[in-house]
Amino acid sequence: MIKYVQDNLQLTLSEKQMLYKNGQIIFEKVKQDGGFIKVYCQKELPQYLIEDNWVDIYKTKIISYEYNQIVNALLIQKPHYCSSTEILDIWNLDSLVWRTSQVYIISVPCEMTEILTMNFTLQQIKQNHGMTKIEVESIIEENNKTIQEMQLSQLIEKIIEDQSSNKISYFTIINLHKKAKEIKHIKNFLPQSIRPQGNNDVLSYMRNEIPSINVPQFEIRYFNNWKSSPKDQICFTQINLNLGPDSCLWITIDKENITEIRQKLIQIEHIDILIEDKIWFKDADYFLLNNIPFRYFVQNKGDLVVLSPGTYSWQKCEGLSINCSWNQATLDENSLKTIIDQQKIFNQLNFISRIPFKNLILDVVIHENSLDQTLLNYLRSELQQFIFEENQNLQVLDQKNSPVFQEKRDKLFCTKCKRELFIYFYEEDQKCLCLICLKEQVNINNQNIKQKYRFQCLNFLIGSQLSCCNIEFCSNYTGKTKCTIKVDEQQNYKSKVNKKGFIKISSENNNGKNKILEPFTQNVMESSEDENPKRKNKKQDIYKGQQFLKQKKL
Ligand SMILES: [Zn+2]
Ligand SMILES: [Zn+2]
């Protein structure tokens, strides 16, 4: 080793002395412990690397011998391992603003891990959810992937059977209700800011529940199973808890490196990681040898991984692991801009995301007045742009009358193409179509083109510097939000609109208390189909817009 390093790399006098003193011994120890990447990225460095500061010389010189070619180990970065003091400091903070690094690992202490994971042994899962129907992905050899439907108990039996031979890789998803006892149990072990759908989480403003996005989702992974970041989640803070029994390996790419790496992998591998997930996996060595900056770490049982917005990741379990994951978005510039930028990339890629982000940004603008003014103005200008695009799509259809207002704020997606519905939609035979799908429709019934928000009112709202809760716009949100309008008020509003044909807003009970809305109340929101169809007069609509502005100033 010493000869190789001396022949191939420039050494200072002190480096030469270190090498001759015990270079070979250090090299052997690192090799024995699994190689430099593994040794360096763990939570605590071994004493033999700390003494005499061996890390630097290993990173820049000795590592090249390990790989038998000149490599740059400065590309390897570690996650931030939270210390117990740090965890105590952040425990009661109610937003994720404490983060400064891209990747965090929070370890639940060993004694607590046993209590945390007690509901999550295979036996327990079989007992509680054995009858649940699931889709199982199994891989026997590479490229031989099958997807089968079965009961959860059948999968558990298959895993137990395979455990002595380790031949088949399994993967499945289990979706539980957000109030399931397993989810409640996990929440007790989490710092407040990490719990799903809490205060200061943008995703609390979602009107629908999407497992793995705003509701924790469980996964069973068995034997060499790996997965990459789902592409519509990269823009959020991704949170993943390992419930054991075995550990998972993680490789992550920082946000600022994604664009470059994406291009590089298109060149070397002809694979676009933002389009084709689940088809490409490489070990950490690959990234080092190809000069790609990355982080590597092992997530043990009881470890919580927190990835900042924009971080890309691959995870691999070698044995059996049960993981629970969900997302969050902080109310700050980085988070909100990452969401919007990501959606623009998706637009270019023609990828339809599961997140109704236009409605989400609108709800944030209505309720989060205390955000930085420049950021709010940026969000407002993005909303203006969405409105502009919607109106352009409407113009293409060349219809004489303006769309009928129909309160359908819970209708978020086109039935046909799954695109997000923002303002306009076409309603026919229980279907809601977007304007893009409507272009292909032969007979358009003008009466069926509707608007979820009166776009004139929407303009007033976005144009105003200080927006606040309004019955015209607020919805039923799934998490803890600043919205003060309650479901029954919205129902009252609807009945008033229905009977008299115009809105008469009574004084709102805006006592500033956050109202936590119960889940699955969508049926309350759906009962608006009997709205007076004659109410499509434009003047009246604008009049109503002014009414609500007056109301707001009270
Ligand atoms: Zn569509
Ligand atoms: Zn509100």
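1. A residue is buried if 20 or more other C-beta atoms lie within 10 Å of its own, exposed if 12 or fewer, and partly exposed in between, with C-beta atoms placed from the backbone. By that criterion, 35% of the 554 residues in the protein chain are buried. The model is predicted: local features need pLDDT of at least 70, side-chain atom pairs count only at pLDDT 80 or more, and totals for chains, interfaces and linings use all residues. Residues are numbered from 1 along each chain as its sequence is written, and chains are lettered from A and ligands numbered from 1 in the order in which they are written.

2. Secondary structure comes to 20 helices and 18 strands in the protein chain. Both are DSSP runs numbered from the N terminus: helices are H or I with at least four residues, strands are E with at least two. Of the contacts in the protein chain with a separation of 6 or more, 75% are between residues 24 or more positions apart; a contact requires C-beta atoms, placed from the backbone, to lie within 7 Å.

3. Nine strands make an open sheet with mixed pairing, in the order β2-β3-β12-β9-β14-β7-β6-β4-β5. Two strands pair if DSSP finds at least two bridges between them. At the edges are β2 (80-81) and β5 (145-151), each pairing on one side only. Within the sheet, β9 (residues 237-245) and β14 (residues 320-328) run antiparallel and are joined by seven bridges. Asn242 has Asn323 of β14 opposite to it.

4. A five-strand open sheet, also of mixed pairing, has the order β1-β11-β10-β13-β8. Its edges are β1 (76-77) and β8 (225-228); each has a single partner strand, so one side of each has no neighbour in the sheet. The antiparallel strands β8 and β13 (residues 312-317) are joined by four bridges, and Lys227 stands opposite Gln315 in β13.

5. Strand β16 (residues 424-428) is joined to β18 (residues 449-451) by three bridges, and the two run antiparallel. Tyr424 has Gln451 as its bridge partner in β18. Strand β16 also pairs with β17 (residues 431-433) in the antiparallel sense, over three bridges, and there the bridge partner of Glu427 is Cys432. The hairpin of β16 and β17 has two residues between the strands, and Asp429 takes a positive phi near 45°.

6. Helices α8 (residues 122-129) and α9 (residues 152-162) pack with their axes 9 Å apart, at an angle of about 160°. Axes are lines fitted to C-alpha atoms, for helices over the stretch in contact, and angles run from 0 to 180 degrees between N-to-C directions. The two helices are therefore roughly antiparallel to each other (under 35 degrees is roughly parallel, over 145 roughly antiparallel, 65 to 115 roughly perpendicular, the rest oblique). Their crossing is left-handed, meaning that the near helix is turned anticlockwise from the far one by less than a right angle; clockwise would be right-handed.

7. On the α8 side, the contact is made by Leu122, Ile125, Lys126 and His129; on the α9 side, by Leu152, Ser153, Ile156, Ile159 and Ile160. By class, these are six nonpolar, two polar and one charged residues. Nonpolar covers Ala, Val, Leu, Ile, Met, Phe, Trp, Tyr, Cys and Pro; charged covers Asp, Glu, Lys and Arg; the others, Gly among them, are polar.

8. Gln163 lies in the loop between α9 and β6 (169-175). It counts as partly exposed because it has 13 C-beta neighbours inside 10 Å. Gln163 and Leu320 are 157 residues apart in sequence, and their C-alpha atoms are 9.1 Å apart in space.

Technical notes:
Two residues are in contact if their C-beta atoms, placed from the backbone, lie within 7 Å.
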